[in-house]
Amino acid sequence: MPSRLHDHQIVSVKPIPVPAPGRAIGLQVKVTAPQSGRDLPVIVFSHGNAWSMDGYGPLVDRWAAAGFIVVQPTHLDSHRNAIGWDDPHFPTIWRVRIADLHAILDNLGDLLAQAQLETRVDRERIAVVGHSWGAQTAGAVLGARVLDADGIPGEDFSHPAVSAGALIAATGSGDTLTPFAAENLPFMRPDFVTMTTPALIVAGGKDESQLSTRGPEWFTDAYHLSPAPKSLLTLAGAEHTMGGIAGDRVAETTDEDPARVALLAEAISAYLHAALGLDGTEWAALAGSAENGDGTWSITDK
């Protein structure tokens, strides 16, 4: 695979408060960016269940070194907020997660000013990225909707400021949910028909979810069931943690593989540079490497 080393120094600022009226706990974010450079594109990143703005360093640091400003909220489901399955706030957390991303996008200028980055950002090039539950959250901002019990699509949560995205291990359709998921996670019924924003979908070939009976294929629905343009990156040996994207040697990582993490980070960076109209060279080179590779990863486009 191609590898472009980014040796730019990066800086992080946290916590930065973001206005979120009515939220049970105040919304805070961490901002990571290259120490130098101007006209920097933005990634707003939504973490997986129970994580926080302090996770996913193996991805975020690489993206910042590649020239992105990365904004990470701590969602209500973070362990640090101690909101469990039986908490009265839990059934609506999926909505609060989406509202968090909207609050960040609506207040981006102010929060970047607090990080002293307001003069270095390109406000016309903004992407959303998420992992697991965060991928469904980001998908809603890209235009996906949630089906109700009667199969009727819910409200439109898309945001006009977002031009592209990447969904890592995104929830698939809700017709094969396990009994636990159907009872406790009824919002896991995404409808991708209206997800028109360009996006890269990332799926692991060994990602066996306990929430669906379909196996790894479930995580490719966001690609197959959404309209073009979309791309699918399949990592044949990856499980749900994709090699350890949430952190180095964290307890939940089942498939520790730093090289896979580096490939994933580079692929998303290259895709977003192309999708945001900055530079398609790296994405084209990556696609070429996939065609001529050893089959451990592949890229499909539509």
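Is A169 buried or exposed? In this predicted model, A169 counts as buried, with a relative accessibility of 1%. The residue is found in the loop that runs between strand β7 (164-168) and helix α5 (179-184). Its backbone is also of note: the phi angle of A169 is near 55 degrees, a positive value in a residue other than glycine.

A positive phi is likewise found at D39, where the angle is near 50 degrees and the residue is again not glycine. D39 is placed in the loop between β2 (27-34) and β3 (40-46). With a relative accessible area of 55%, D39 is exposed, whereas A169 is buried.

K14 and P15 are joined by a cis peptide bond, with omega at about -15 degrees. P15 lies within strand β1, which covers residues 10-18. A cis peptide bond also joins A228 and P229, and here omega is about 5 degrees. P229 is found in a loop, between α6 (221-224) and β10 (230-235).

The positive phi values at D39 and A169 both fall in loops, the former between β2 and β3 and the latter between β7 and α5.

Key
Residues are numbered from 1 along each chain as its sequence is written. This is a predicted model: local features need pLDDT of at least 70, side-chain atom pairs count only at pLDDT 80 or more; totals for chains, interfaces and linings use all residues. Side-chain values use heavy atoms; hydrogens and water are left out. Helices (H or I, at least four residues) and strands (E, at least two) are DSSP runs, numbered from the N terminus. Buried means under 20% relative accessible area, exposed over 50%, partly exposed in between (1.4 Å probe, protein chains only).
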